[in-house]
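Please read them with the sequence and the structure open.

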Amino acid sequence: MAELSDEELCQKVANGDAQAFELLVERHQARAYRLACSILGSESDARDVSQDAFIRLYESANRFDGRSRFSTWFYRVLVNLCIDHKRRDRWWRRLVPLSSPSDDPDAPAIDPASPEPGPEVAAILGQSTVKLGEALEHLSPNQRIAVLLQAQEGLSSREIAEVLKCSENTARVHIHRGLIQLKKILKDD
Amino acid sequence: MPASHPETDLVPLLRGELNAAERDRVQHHLDRCEQCRESMGALATTLHQVSARLEELPTPQWSAYRRELRLKLAHRTEARSRWWRPSVAWASLATAGVGIAALLLALSMRPSSPGTTPEVDQLAMEQPAEAVDLDLLRNYPVVERLDLLENYDVIEHLDELPPAEHDHDKRS
């Protein structure tokens, strides 16, 4: 079964083949996780959301019509879940704002969750990767996704356009502007 | 230097995405434009840096990741099958039915809003009230000359007043 293409495996998953699903997960787990991690900026969220994408794949494999590559279809599912997750996250934060330490002087001192990794994490990741993560945060969501899909997944402009549901020219503009901005931020650092 | 730079075509050229005509056009431009050549070099470097750094991202233990995924999937499948079990499905349908009936009842008992056109029954109920006000209309010249606040009592007993002056004149 290992020699089957992603598209053929997806067809088998649609027919309820659990082994084909396992194989697809093995093939795409690292890329899906890294992409989610780069978009969301959180390892635990990336783990959850990428797993949710695989669950969606399992449940709706029969909707894959084979007109595009499997990876384009799957990354569209993943990117949509990431965007939904970010939106929900922002909504919750607005509704239930995290209290500041000054709110309760008797509260025990707890390190608040920080969007920036601590020194230990930074050491593990390497300074350059941390800088890249911070630089990616400065891009618009579409620019970030376009650059990541191009640099990490090797998707073409047309495939990125399919994922982002925009024209190919718009996808090219997102990639170009994203890379220009990244270059500027990384150079300034 | 050429007026328009094919900036957004530089990465697609690097990645071999352009067709022959587009490739010739961009290449022709690059031959004459140093700025675009430099820009393309910088874009290629940034793209490579991003790609290399993303590879450095730590990844979880994949066996644990897949085990977790299998558990999630099993839990979801079980939850679905539980929902579709006949007893649960019937209970859910019954609850939904009661809910809809309560909603319909509430809607039917709701009084119509003031902005809406009154229905026939409501008009019929309003007619006697208008008839009661006929005396008031007949004595309108008297009412016109009264200070509403000071002579409230007079208004209240209008029906006991003798006919208005102009009526009296006409009769005489």
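This is a predicted model: local features need pLDDT of at least 70, side-chain atom pairs count only at pLDDT 80 or more; totals for chains, interfaces and linings use all residues.

1. In the largest nonpolar core, which has 58 residues, the members that touch the most other members are A:Ala36, A:Leu78 and A:Val147. Helix 2 of chain A, residues 18–40, gives this core its largest share, 11 residues. Leaving aside residues up to four places away in sequence, A:Leu78 touches A:Ala32, A:Leu35, A:Ala36, A:Ser50 and A:Ala53.

2. Helix 1 of chain A (residues 6–14) packs with helix 2 of chain A at an angle of about 140°, and their axes are 8 Å apart. Because angles over 145 degrees would be needed for the pair to count as roughly antiparallel, helix 1 of chain A is described as oblique to helix 2 of chain A. The crossing of these two helices is left-handed.

3. In that contact, helix 1 of chain A contributes A:Asp6, A:Leu9, A:Cys10, A:Lys12 and A:Val13, which meet A:Ala20, A:Phe21, A:Leu23, A:Leu24 and A:Arg27 of helix 2 of chain A. By class, the residues of this contact are 7 nonpolar and 3 charged, with no polar ones.

4. Between the chains, 31 residues of chain A are in contact with 27 residues of chain B. On the chain B side, two or more residues come from each of helix 1 (10–14), helix 3 (34–55) and helix 4 (62–83), and helix 3 of chain B gives the largest share, 9 residues. This side of chain B comprises 14 nonpolar, 5 polar and 8 charged residues.

Technical notes
Residues are numbered from 1 along each chain as its sequence is written. Chains are lettered from A and ligands numbered from 1 in the order in which they are written. A nonpolar core is a set of buried Ala, Val, Leu, Ile, Met, Phe, Trp, Tyr and Cys residues joined through C-beta atoms within 7 Å. A residue is buried if 20 or more other C-beta atoms lie within 10 Å of its own, exposed if 12 or fewer, and partly exposed in between; C-beta atoms are placed from the backbone. Helices (H or I, at least four residues) and strands (E, at least two) are DSSP runs, numbered from the N terminus. Two residues are in contact if their C-beta atoms, placed from the backbone, lie within 7 Å. Axes are lines fitted to C-alpha atoms, for helices over the stretch in contact, and angles run from 0 to 180 degrees between N-to-C directions. Angles under 35 degrees count as roughly parallel, over 145 as roughly antiparallel, 65 to 115 as roughly perpendicular and the rest as oblique. A crossing is left-handed if the near helix is turned anticlockwise from the far one by less than a right angle, and right-handed if clockwise. Ala, Val, Leu, Ile, Met, Phe, Trp, Tyr, Cys and Pro count as nonpolar, Asp, Glu, Lys and Arg as charged, and the others, Gly among them, as polar.
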